[in-house]
Amino acid sequence: MDSMVREPVDPPAEKWQRVKPALLTVWRLVLVMWVVPPLLVAAVLPAVLGAPSWSLLALAPLLTGVWLWWVVGRHQRSWRYLEREDDLLISKGVLWRQMIVVPYGRMQLVEVTSGPLDRKFGLARLQLHTAAAATDATIPGLDPDEAERLRDRLTELGESRSAGL
């Protein structure tokens with residue numbers, strides 16, 4: 001009888017954490033604040049000045065706003081992070097994907113910020129600063145409690161694994 005050799009089973013994939021869906025609401029609110037004024041100017045001003053056919057120019061900001069509404073949704077869903085044993089991974093982007101690896105021993109400062117809109121929607125932003133400016137990283141759209149937990153954990157890991165900085 002042939003003995004069957006089994007390959008070892010891979011451990012379950014590491015669990016990526018996603019940002020809160022409320023981040024999409026904040027980003028879309030900001031988008032509306034940027035798109036509506038030019039849309040109103042392009043739609044109303046020509047009619048007020050006596051050239052209503054020029055109001056068709058309002059289609060440009062309208063179509064741009066609709067397209068950006070969709071893009072912002074895809075971009076928000078692309079944000080994720082993963083805490084590993086020696087580093088933190090941050091992944092974002094749809095068309096141009098970016099993977100940021102921040103070793104715990106290279107972190108110099110970890111801060112949590114929350115602007116007025118973030119606070120209104122229960123969000124916080126985690127900012128990681130390292131010795132190299134190119135590797136500074138941000139995770140937007142976190143629950144404030146999760147952001148503080150991450151800040152405390154990353155600070156502790158950064159101090160314990162300090163790379164002589």
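Biologist: Which residues in H2 are buried?
Modeller: In H2, the buried residues are Pro 61, Gly 65, Val 72, Gly 73, Gln 76 and Ser 78, where buried means under 20% relative accessible area, exposed over 50% and partly exposed in between, with a 1.4 Å probe and protein chains only. This is a predicted model, in which local features need pLDDT of at least 70 and side-chain atom pairs count only at pLDDT 80 or more, while totals for chains, interfaces and linings use all residues. Residues are numbered from 1 along each chain as its sequence is written, and side-chain values use heavy atoms, with hydrogens and water left out.

Biologist: And what covers the buried residues of H2?
Modeller: The cover includes helix H1 (22-48) together with the strands E1 (17-18), E2 (80-83) and E3 (87-92). Helices (H or I, at least four residues) and strands (E, at least two) are DSSP runs, numbered from the N terminus.

Biologist: How do H1 and H2 pack?
Modeller: Their axes lie 10 Å apart, at an angle of about 170°; axes here are lines fitted to C-alpha atoms, for helices over the stretch in contact, and angles run from 0 to 180 degrees between N-to-C directions. H1 and H2 are therefore roughly antiparallel to each other, given that angles under 35 degrees count as roughly parallel, over 145 as roughly antiparallel, 65 to 115 as roughly perpendicular and the rest as oblique.

Biologist: Which residues in H1 and H2 meet?
Modeller: Among them are Trp 27, Leu 31 and Val 35 from H1, and Leu 68, Trp 69 and Val 72 from H2; contact means heavy atoms within 4.5 Å.

Biologist: What span should H2 have, and what does the model give?
Modeller: The 20 residues of H2 (residues 59-78) should span 28 Å at 1.5 Å a residue, and the end C-alpha atoms are 29 Å apart, which agrees. The expected span is 1.5 Å times one less than the number of residues in the helix.

Biologist: Switching to strands, what is the order in the sheet of four?
Modeller: That open sheet runs E1-E2-E3-E4 with antiparallel pairing, and its edge strands, each pairing on one side only, are E1 and E4 (98-103). Two strands pair if DSSP finds at least two bridges between them, and E1 and E2 have two bridges, with Gln 17 standing opposite Tyr 81 in E2. Helix H4 (residues 144-160) packs on this sheet, touching E2 and E3, and its direction makes about 40° with that of E2.

Biologist: What about the sheet of three strands?
Modeller: The order there is E5-E6-E7, again an open sheet with antiparallel pairing, and E5 and E7 are its edge strands. The twist averages 15° from one strand to the next. E6 and E7 are joined by four bridges, and Leu 126 stands opposite Ile 139 in E7.

Biologist: Which residues touch the most other members of the largest nonpolar core?
Modeller: Of its 24 residues, those are Leu 88, Ile 90, Leu 126, Leu 128, Ile 139 and Leu 154; a nonpolar core is a set of buried Ala, Val, Leu, Ile, Met, Phe, Trp, Tyr and Cys residues joined through side-chain atoms within 4.5 Å. Elements giving two or more residues include H1, E3, E6 (124-130) and E7 (137-142), and the largest share, four residues, comes from H4.

Biologist: What is Ile 90 in contact with?
Modeller: Leaving aside neighbours within four places in sequence, its contacts include Trp 79, Tyr 81, Ile 100, Leu 128 and Ile 139.
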